[in-house]
Amino acid sequence: MNSSGTSVTCELGLRLIVPDRAPVPLVARLDYSVSDPYAIKAAFHVGEDEPVEWIFARELLTVGIVRAAGEGDVRVWPSQGEGKRTVNIALSSPFGQAQFDAQVAPLSEFLHRTYELVPAGQEGDYIDLDAEITEHLS
């Protein structure tokens, strides 16, 4: 896990859950930046040339560790797997669906680091609303 004064990055081991087959191990790179304090970017390395990228609400992943959260395209919920606490992440898009699980401990550590950078409830202090509006209007 790497941290700077403005970002946190980690490589998270996941398992792709495939019906009627053994889970497939893979790695996702998680990135958090104070410049986008509500979001966590995930790049799933699934054997393609380029990783598959998704953006999650930080709060969604945080809540999903302790109880089911999300609806529609992204759902996150806790479970017990092989004697360890895990978190499940289900993704759905027009291009397909996927379900992953990961151990809670490394995800919790990553999230903890993000909250050290930007405490919960203070995300708005890190957004330049005028610059955001200007960017979207140009």
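In this predicted model, Leu129, Ile133 and Leu137 form a nonpolar surface patch of about 340 Å². Leu129 belongs to helix α3, which covers residues 129–137. With a relative accessibility of 56%, Leu129 is classed as exposed, because the threshold for that class is over 50%.

Two or more lining residues are supplied by each of the strands β5 (52–57), β7 (84–93) and β8 (96–103). Strand β8 provides the largest share of this lining, with four residues. In terms of residue class, nine residues of the pocket lining are nonpolar, three are polar and one is charged.

Across the whole structure, one cavity of 30 Å³ or more was found. The volume of the largest cavity is about 50 Å³. Leu12, Leu14, Ala28, Leu30, Ala42, Phe44, Phe56, Leu61, Ile89 and Leu107 line this cavity. Strands β2 (7–16), β3 (24–33) and β4 (39–45) are the elements that contribute two or more residues to the cavity lining. The ten residues of this lining are nonpolar, with no polar and no charged residues present, whereas the lining of the largest pocket includes three polar residues and one charged residue.

Key: Residues numbered from 1 in each chain as written. Predicted model: local features only at pLDDT ≥ 70, side-chain atom pairs only at ≥ 80, totals over all residues. Heavy atoms only, no water. Nonpolar A, V, L, I, M, F, W, Y, C, P; charged D, E, K, R; others polar. Patch = residues over 30% accessible without salt bridge, like charges linked within 9 Å, V, L, I, M, F, W, Y side chains within 5 Å. Areas by Shrake-Rupley, 256 points an atom, 1.4 Å probe, with all protein chains shown as cover. Salt bridge = Lys/Arg side-chain N within 4 Å of Asp/Glu carboxyl O. Buried < 20%, exposed > 50% of the residue type's maximum accessible area, 1.4 Å probe, protein only. 1 Å grid on protein atoms, 1.4 Å probe; cavity = no way out; pocket = protein on both sides within 12 Å on 5 of 7 lines; lining within 4 Å. Points joined across faces, edges and corners; volume = space filled by probe spheres on them.
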